[in-house]
Amino acid sequence: MNPNKYQRTPTPDLPNRQWPNNHLSKAPIWVSVDLRDGNQALANPMTVEQKLALWDQLVAMGFKTIEIGFPSASEPEFEFTRRLIEENRIPDDVTVQVLVQAREHLIARTYESLIGVNKAVIHVYNTTSIVQREKVFEKSKDEIKAMAVQGAKWVQEYAIKADQTHPGSEWVFQYSPESFSQTETDYAVEVCQAVMDVWQPTPDNKCILNLPATVESTSPNRFADQVEYFISHLPNRESALISIHTHNDRGCAVAAAELSLLAGADRIEGTLLGNGERTGNMDIVTLAMNLYSEGIDPQLDLSKPNDWIPVVEQVTQIKTHMRHPWVGEVVYTAYSGSHQDAIRKCLLKQDDNQKWNVAYLPIDPKDIGRDYEAIIRVNSQSGKAGSAFVLEQEYGLNLPKWIQIDFASTAQKLAEKQGGIVSHKDLYQAFTRHYGCDEKRIDVNNFQLKLDGEIEKLSLDVDGETWTGEGNGTISALCDAWQQRTGQNVDIIDYAEHAVHMNDDDSGKNAKAIAYFYLQVDNEKKVSVAIEKDSLSAMILAVLKGLKT
């Protein structure tokens with residue numbers, strides 16, 4: 001590898017840049033280009049029916065501008081455009097956008113495809129970059145600018161013709177200096193200004209200037225410098241919406257777009273999940289969720305990824321990466337024991353009236369339809385908190401710390417044996433088996449309590465034998481009965497009990513009680529658990545299990 005064969009892309013000198021001090025407070029105007037830029041990047045382009053399915057999904061998610069394709073390029077593209085219009089599939093608040101090169105016959109065909117549309121953005125472009133000018137088109141700056149001006153004139157002239165033959169459509173003009181990222185920024189301003197001179201936009205009737213990083217060739221901060229320089233040097237800026245279209249060649253398309261918003265851009269073009277040519281387009285999902293995580297309404301409904309991801313995957317034949325930001329299958333999942341412990345503690349302290357503040361979880365996964373079962377998954381790397389979290393979320397078991405420690409080795413061995421993620425059902429079965437919750441090892445009958453002043457007197461039959469004892473509570477009296485029978489001293493180090501709804505495949509959820517006890521019998525420490533129909537029965541059985549095992 002020889003880095004000396006490459007050169008740095010020139011960007012404007014901007015010593016007084018303002019964008020680093022700016023803050024975002026609202027979502028940009030979003031433009032989905034899934035049906036055009038995303039589609040042309042597929043080895044097997046979408047059929048018309050697939051495009052219709054994705055169109056419906058994009059509309060349902062709240063996109064108000066959707067680039068539907070290149071209708072002058074092929075019959076399927078033309079047919080798709082016509083079906084949207086003729087079948088009344090375009091809601092009143094949604095604008096379609098179509099792409100066309102600065103060539104007259106293609107522009108004419110584009111307007112033909114749009115007969116009867118309510119509102120459309122005509123997106124015309126030609127390349128302006130140094131390498132394309134010099135090596136592809138072999139044209140001078142003036143000649144390239146003339147191509148842009150001529151394209152702008154044709155777009156305007158054919159709009160007038162369309163209004164004469166089929167009145168009632170509203171046209172918005174958009175121009176892209178293709179490969180803006182590799183174009184001298186002063187020259188990009190010059191070309192765009194020449195286009196605006198043709199269209200004569202006003203603050204009430206704006207045109208759109210779209211600045212593409214067709215090939216991402218600088219770091220995001222330098223691209224933001226290009227955008228800020230362009231905006232600050234563009235005459236009549238108030239009459240133009242500044243749009244950004246970044247690609248991901250350096251892996252920074254989202255960052256470049258986000259910083260461009262700080263630099264003054266109004267509008268962002270991209271695709272769902274980042275599909276696009278080479279390394280992809282800017283991922284609208286990631287940028288929108290970035291805004292959402294900082295309390296900004298993205299103005300898109302991304303709350304049900306399990307509904308819309310399959311649609312995108314089906315029409316693109318591209319599987320979503322499990323680590324995809326925000327919506328990947330495991331991006332809210334912790335396997336590490338320390339991470340699990342921190343998440344569990346934070347969730348226990350998180351109040352619905354507080355701002356979200358949970359370690360390792362930048363948003364509440366429930367906001368996008370992910371349940372808490374997926375947050376912590378137990379495997380061989382998990383610690384005690386992971387098992388505790390899963391048992392609490394799925395079965396309502398609020399395990400005391402000393403139970404978590406006692407059960408951790410059992411969960412660890414189960415994970416190592418299975419060699420992967422332990423399901424919550426397997427974990428619960430291991431828990432009940434470890435503590436004998438499903439076994440009737442001890443038979444307790446004829447349970448009686450009598451209160452004599454402040455002293456409780458206990459009498460009960462245990463495995464056919466009568467036990468009696470007294471104390472300042474039921475458990476104290478039970479320990480006294482054991483000491484009378486065996487001579488062993490019993491101390492209750494700690495205990496806990498609570499109601500629990502157990503999942504039962506046959507009869508649904510049944511309310512029961514669970515008791516956890518940490519005992520010391522002479523010098524031996526014991527841990528026991530019991531599940532019974534009521535809390536007192538569960539506590540008595542848990543103590544007896546600890547004493548007799």
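Where is glutamine 200 found? In this predicted model, glutamine 200 sits in the loop between H7 and strand E6 (207-213), and although it is not a glycine, its phi is positive, at about 50°. With a relative accessible area of 54%, glutamine 200 is exposed, since the cut-off for that class is over 50%.

Two other residues can be set beside it. Tyrosine 360, which is not a glycine, has a positive phi of about 70° and belongs to the loop between helix H12 (337-349) and helix H13 (384-395); its relative accessibility of 48% makes tyrosine 360 count as partly exposed. Asparagine 88, with a positive phi near 55°, follows H3.

Two packed helices are described by the angle between their axes and the distance between the axes. For helix H6 (residues 141-165) and helix H7 (residues 185-199), the angle is about 30° and the axes are 9 Å apart; because angles under 35 degrees count as roughly parallel, H6 and H7 are roughly parallel to each other. Their crossing is right-handed. On the H6 side the contact involves Lys141, Ile144, Lys145, Ala148, Val149, Ala152, Lys153, Val155 and Gln156, which meet Tyr187, Glu190, Val191, Ala194, Val195, Val198 and Trp199 of H7. By class, the residues of the contact between H6 and H7 comprise 11 nonpolar, 1 polar and 4 charged.

H7 also packs against helix H8 (residues 220-233), where the axes come within 9 Å and cross at roughly 45°, an angle that makes H7 oblique to H8. The crossing of H7 and H8 is right-handed. Here H7 contributes Thr185, Asp186, Ala188, Val189 and Cys192, while H8 contributes Gln226, Tyr229, Phe230 and His233. The contact of H7 with H8 divides into 5 nonpolar, 3 polar and 1 charged residues.

Note on methods. Residues are numbered from 1 along each chain as its sequence is written. This is a predicted model: local features need pLDDT of at least 70, side-chain atom pairs count only at pLDDT 80 or more; totals for chains, interfaces and linings use all residues. Side-chain values use heavy atoms; hydrogens and water are left out. Helices (H or I, at least four residues) and strands (E, at least two) are DSSP runs, numbered from the N terminus. Axes are lines fitted to C-alpha atoms, for helices over the stretch in contact, and angles run from 0 to 180 degrees between N-to-C directions. Angles under 35 degrees count as roughly parallel, over 145 as roughly antiparallel, 65 to 115 as roughly perpendicular and the rest as oblique. A crossing is left-handed if the near helix is turned anticlockwise from the far one by less than a right angle, and right-handed if clockwise. Contact means heavy atoms within 4.5 Å. Ala, Val, Leu, Ile, Met, Phe, Trp, Tyr, Cys and Pro count as nonpolar, Asp, Glu, Lys and Arg as charged, and the others, Gly among them, as polar. Buried means under 20% relative accessible area, exposed over 50%, partly exposed in between (1.4 Å probe, protein chains only).
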